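Reader: Please take one part of this model and look at it closely. Then set it in the context of the rest of the chain.

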Amino acid sequence: MPPAAVTLQNATVGTSSPVEQLAPNPVFLSTEPGPEFDWKISLRGKVIAITGANRGIGLGLATVCLANDAAEVYSLDLFEPGEEFQALANANPKRLRYLHCDVTSEENVLKVVDDIVAESGRIDGMVANAGMTKHQPALKFDRPQLEQLFNLNVYGAYFCATAAAKKFIELGIKGSIVFTASMTSYRPNRAAPSAPYGGTKGAVRNMAHTFAMEWASHGIRVNSISPGFVRTQMTYYVEKAADWNLKMQYYGGMPRLADPRELGGAYVYLLSDCASYTTGIDIPVAGIVGAW
Ligand SMILES: NC(=O)c1ccc[n+]([C@@H]2O[C@H](COP(=O)([O-])OP(=O)(O)OC[C@H]3O[C@@H](n4cnc5c(N)ncnc54)[C@H](O)[C@@H]3O)[C@@H](O)[C@H]2O)c1
């Protein structure tokens, strides 16, 4: 499938002052839908890469992208996929693939993006989702622990976004990049102390604004999603806490964790062409309770 046709539009209309006459007119790749646009929110024909989609939130997102007609979804993950991934792959023949990738290596990420284009002819969306946390009091963190968190959550997300942007620009594709941030980018996780994790997620949410500004002229949109508590291996401890029922009784909101697939609609929207004027924002998906 060839990349979408490139439509370069002139951003300025007319020139009058001597300064304007000297400056070259900027051009931009407009994301504005054309007259024949199908306004149904859909990922029809799109090739989407999701980091860390072998399990957890990433796998939930892959499920919802496939349910909304994504042509192909690639999981870029460090570890071999398990049974849950295999079951989804079997239910969607040739539409869900795993590529080994360590997102903390820029070289590795660039290569995998090249491999996707070699295999599928294009790439339309990149979800920088792989991440990790560590719960302990701030005064106990040592430098190697901090570096591990920032390497994966910040550097990894940065490499994925920039690798995708380079490829979108090279192919003239109006791509979409979505980061998985976190409600901890706004406020502390009161269920477990994790100051560096909140810092990494604040960085990710903030980077999306500037990427969105820098790459808008290329027709590239960049946004983030901030989940609250989602039921994955990262949050196994939350429902086991002795005071969980008490917290739920007094906190209000939805007294449960989310199924990873419940986040998917927000990602599908941001990855779709219906979000043509949506860039530089964060969507919290937290059921109130995860917004502690
Ligand atoms: N679970 C939650 O409640 C929650 C809430 C807010 C934000 N998040 C964020 O959502 C994202 C996914 O979390 P999850 O709960 O699904 O975690 P998870 O641990 O279940 O899944 C993380 C995935 O990332 C992969 N991964 C780890 N290191 C990698 C690397 N270097 N390169 C490529 N892949 C790598 C893992 O193999 C795994 O498949 C993370 O960024 C996390 O911070 C999770």
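**A tryptophan and the helices of the chain**

Author: W244 sits in helix α7, which covers residues 244-251. The model is predicted. W244 has 14 C-beta neighbours inside 10 Å, so W244 counts as partly exposed. The cut-offs place a residue as buried at 20 or more such neighbours and as exposed at 12 or fewer. A191 lies 53 residues away along the chain, yet the C-alpha atoms of W244 and A191 are separated by 9.3 Å.

Now the whole chain. It has eight helices and nine strands. Of its 292 residues, 38% count as buried. Take the contacts with a separation of 6 or more: residues 24 or more positions apart account for 75% of them.

Next, the helix pairs. Two packed helices are described by the angle between their axes and the distance between the axes. Start with helix α5 (residues 143-171) and helix α6 (residues 195-215). Their axes come within 9 Å and cross at roughly 15 degrees. Angles under 35 degrees count as roughly parallel, and α5 and α6 are therefore roughly parallel to each other. Their crossing is right-handed. From α5, the contact takes L146, L149, F150, N153, V154, A157, Y158, A161 and A165. From α6 come P196, Y197, T200, K201, A203, V204, M207, F211 and W215. By class, these residues are 15 nonpolar, two polar and one charged.

A second pair is α2 with helix α3 (residues 83-91). Here the axes come within 11 Å, and the crossing angle is roughly 10 degrees. α2 and α3 are therefore roughly parallel to each other as well. On the α2 side, the contact uses L59, A62 and T63. These meet E84, F85 and L88 in α3. The contact of α2 with α3 divides into four nonpolar residues, one polar and one charged.

Last, the ligand. It is surrounded by 29 residues, and the closest are G52, G56, G131, T232 and M234. Two elements give two or more residues to this shell: α2 (56-67) and α5. The largest share, three residues, comes from α2. The shell as a whole divides into eleven nonpolar, 15 polar and three charged residues.

Terms used: Residues numbered from 1 in each chain as written. Predicted model: local features only at pLDDT ≥ 70, side-chain atom pairs only at ≥ 80, totals over all residues. Helix = DSSP H or I, 4+ residues; strand = E, 2+ residues; numbered from the N terminus. Contact = placed C-beta atoms within 7 Å. Axes fitted to C-alpha atoms, helices over the stretch in contact; angles between N-to-C directions. Parallel < 35°, antiparallel > 145°, perpendicular 65-115°, else oblique. Left-handed = near helix turned anticlockwise from the far one by under 90°. Nonpolar A, V, L, I, M, F, W, Y, C, P; charged D, E, K, R; others polar. Near = placed C-beta within 6 Å.
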